[in-house]
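Dear colleague,

Please find below the sequence and the structure that I am handing over to you. A summary of what was found follows them.

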There are 2 protein chains.
Amino acid sequence: MRVSHLFTRTSKTAPADEVAKNAQLLIRAGFIHKEMAGVYTYLPLGKRVLEKVTQIIREEMDAIGGNEISLTALQHKDVWEKSGRWNDEVMDVWFKTKLANGTEIGLAPTHEEPLTQLMKNYISSYKDLPVYPYQFQIKFRNEVRSKSGLMRGREFWMKDLYSFSRTQEEHDAFYETITQAYHRVYERLGLGDITYKTFASGGSFSKYSHEFQTLSPVGEDTIYVHEGKKLAINEEVYNEEVLADLGITRGELVEQKAVEVGNIFTLGTRFSDVLDLNYTDEDGTSKKVIMGSYGIGPSRVMGLIAERFADEKGLVWPENVAPYKVYLVRIGGDEAIAHADKLYDELTAKGIEVLYDDRDERPGTKFADAELMGIPYRVTVSDRLLADEKYEFTPRASGETQILTHAQLLDTLG
Amino acid sequence: MRVSHLFTRTSKTAPADEVAKNAQLLIRAGFIHKEMAGVYTYLPLGKRVLEKVTQIIREEMDAIGGNEISLTALQHKDVWEKSGRWNDEVMDVWFKTKLANGTEIGLAPTHEEPLTQLMKNYISSYKDLPVYPYQFQIKFRNEVRSKSGLMRGREFWMKDLYSFSRTQEEHDAFYETITQAYHRVYERLGLGDITYKTFASGGSFSKYSHEFQTLSPVGEDTIYVHEGKKLAINEEVYNEEVLADLGITRGELVEQKAVEVGNIFTLGTRFSDVLDLNYTDEDGTSKKVIMGSYGIGPSRVMGLIAERFADEKGLVWPENVAPYKVYLVRIGGDEAIAHADKLYDELTAKGIEVLYDDRDERPGTKFADAELMGIPYRVTVSDRLLADEKYEFTPRASGETQILTHAQLLDTLG
């Protein structure tokens, strides 16, 4: 992509009412636009990041047998009344509206009920289980406060997978399988080292649920990290019982601020009870399906990554989620232009994603934009180095420039 | 994908309240699920079709300089009040709801206003133009009646591109460019031969708008087709004036029923006037930006294709949008199973998308499912033909079975 074809531009300032650092930076760099608190438009660069995060999650869900679907935002109230969650006091984030004929409907803040109802069409025998449908879908949550940028949205992207299993053992095995898949997701997102499987409060059907918490100074959650065991405990269950269960002591733990980037939850028969989702087992008896739910918010993850890795110059994207891998800058006259055009075509033909700053701007402006946008590698073609066919190569994270030959450059980016 | 891993199943019947043939077939084949009138969940097979339609449109929009973004469903009323479209009598398909603090907001039925407002951040000079942002987004429209399955949704997918141009000439040139891109889209969707650029009523800024109409016996629109010129006239503007403009006579036209699968519209300064979207031209003067809007509904297109090509046995997908290219059936014992497993791996490794019916079902059941789902090519591995390493190969559209060798099969599918 040529910067001249990108309609966004960078800005030195963010909207005055935007207090979250992730949103401030993403708005200044032209990745998102604020429609209202917790509601953001994704501009071309932001859309690319969101797609990359989404695709990493999709690949890992497909790899463990996930079936991608897409449920609806508009919801009839019947199944939610059966579960008790239509009531605004029980589920306090509903947006509700009306059909033209006056029927009250809601915008789904989550999808356990409609999916459980839907699966009644497809689950009747033990042969139909287990199954793992999932989706990437826009969720609507009418949060009273929404001041954390992409990290707490009123309209936001969620990956939610639901497991439908025959037995507790089958459920437990999948729970472990998806735990490992989540670790692979965070590893690929560049968050592996700082993300911990965290014990949190369970429900009627399991003692604990599990969150994936990424260490961050601006995190809303407090967790207690056991570095040796690569796990953590959410403060809500930080007590003698959980320490005993895990065989660890307070002295081994370090208190940290963190952001919840995923959660996995044993639902048991909470929804199959109220919506009558049963299957006939091999022995002919009717049994309740055992369920679990597993969420990751791609837009929240994007906000977290933006905020977590940023420095005083702007965003710093891990390579796997960066909108482009290379920011190509040209400095100089016709010769530099022709040379940079050629390099752009060459890298693009090799499948390397390049954002090519083909504008007639001062070098300082181009460098500042490259830094604010956080593209992992800046490559500079300049009159000065052209004679030797050499290039400046500057990783965004280190900021340390090397001078590379053409062969070295291709080798480094390859 | 193995059919045993697909959680959906086919059904001999559709819900009694579903009157649209496209939705009846798609529900029976397990592609979609009806949540309420005009609101459908996409199940794994349906999600794949929707993605393929989407990807074809995306590639053609990118090829003409489109910039993909994603606007928001939730909308503050301010910009819509400025354009006069917040009023439910002017725009009669609003779903409206409220933020927790009582502020009234709406669910976007279209996006001219918020995008025009957004572009004020990025357009100030003639150097910033032209630009062509577009999105795939869920639109919400509170239709009083919604009985056409995927063809008229209350919650549905739309691709909407908007052009921002300096002059009428620049606008007109892009209008022609995107007209050609639309023709390529319908060609790739398998609708090229039966889709006509159709003259329809314009607005304040152009005499005509243009629809793309696909001939279909169940179409809600009546158009008059000129086969020689590959164009049509919508009955709403079928008069002497348009005939004179096009230099054709009534005698050359054939009346047809058709479904609108896309539309392109000159907005002129309708929105840049009310929202003050201006640019400074090269001569220093301030001018209004000229706009256009260009829509295609991927979910409607999917419904149309489902309905248009279906026969008495079920769906018949054009290859480019089929969820899988091959439906692999195995008939017989261990040897047939081992052989089919191997062929499945071989075809999949070649990048051919195969839905492998690995169930222990009667051949008749498998064949009927293959036909109902409309997968373009059925390949049958059976005990009978194994000895010669031969296969039954049956295109869904013709239903004519050939016996092919392994080499011939790979050649045909390659």
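**The interface and the strands around it**

In this predicted model, 40 residues of chain B are in contact with 41 residues of chain A, two residues being in contact if their C-beta atoms, placed from the backbone, lie within 7 Å. The side of chain B that touches chain A receives two or more residues from each of β1 (32–36), β2 (39–42), α2 (44–63), β3 (67–69), β5 (95–98), α4 (112–119) and β7 (133–140) of chain B. Helices (H or I, at least four residues) and strands (E, at least two) are DSSP runs, numbered from the N terminus. β2(B) gives the most to this side, with four residues. By class, the side of chain B that touches chain A is made up of 22 nonpolar, eleven polar and seven charged residues; Ala, Val, Leu, Ile, Met, Phe, Trp, Tyr, Cys and Pro count as nonpolar, Asp, Glu, Lys and Arg as charged, and the others, Gly among them, as polar.

Because 100% of the interface residues of chain B are also interface residues in chain A, the copies meet through the same surface. Chain B is superposed on chain A by a rotation of 180° with 0.0 Å of shift along its axis (RMSD 0.0 Å), which is the relation of a two-fold axis. The superposition is by least squares on the C-alpha atoms of residues with pLDDT of at least 70 in both copies. Of the residues of chain B, B:Thr97 comes closest to the rotation axis, with its C-alpha at 2.6 Å.

In chain A, three strands form an open, antiparallel sheet in the order β4-β6-β5, where strands pair if DSSP finds at least two bridges between them. β4 (74–75) and β5 (95–98) of chain A stand at the edges with a single partner strand each, so one side of each is left without a neighbour in the sheet. β5(A) is joined by four bridges to the antiparallel strand β6 (residues 104–107) of chain A, and A:Thr97 has A:Ile105 in β6(A) as its bridge partner.

Chain B likewise has an open sheet of three strands in the order β4-β6-β5, with antiparallel pairing. Four bridges join β5(B) to β6 (residues 104–107) of chain B, and B:Lys96 stands opposite B:Gly106 in β6(B).

Residues are numbered from 1 along each chain as its sequence is written, while chains are lettered from A and ligands numbered from 1 in the order in which they are written. As this is a predicted model, local features need pLDDT of at least 70 and side-chain atom pairs count only at pLDDT 80 or more, whereas totals for chains, interfaces and linings use all residues.

With kind regards
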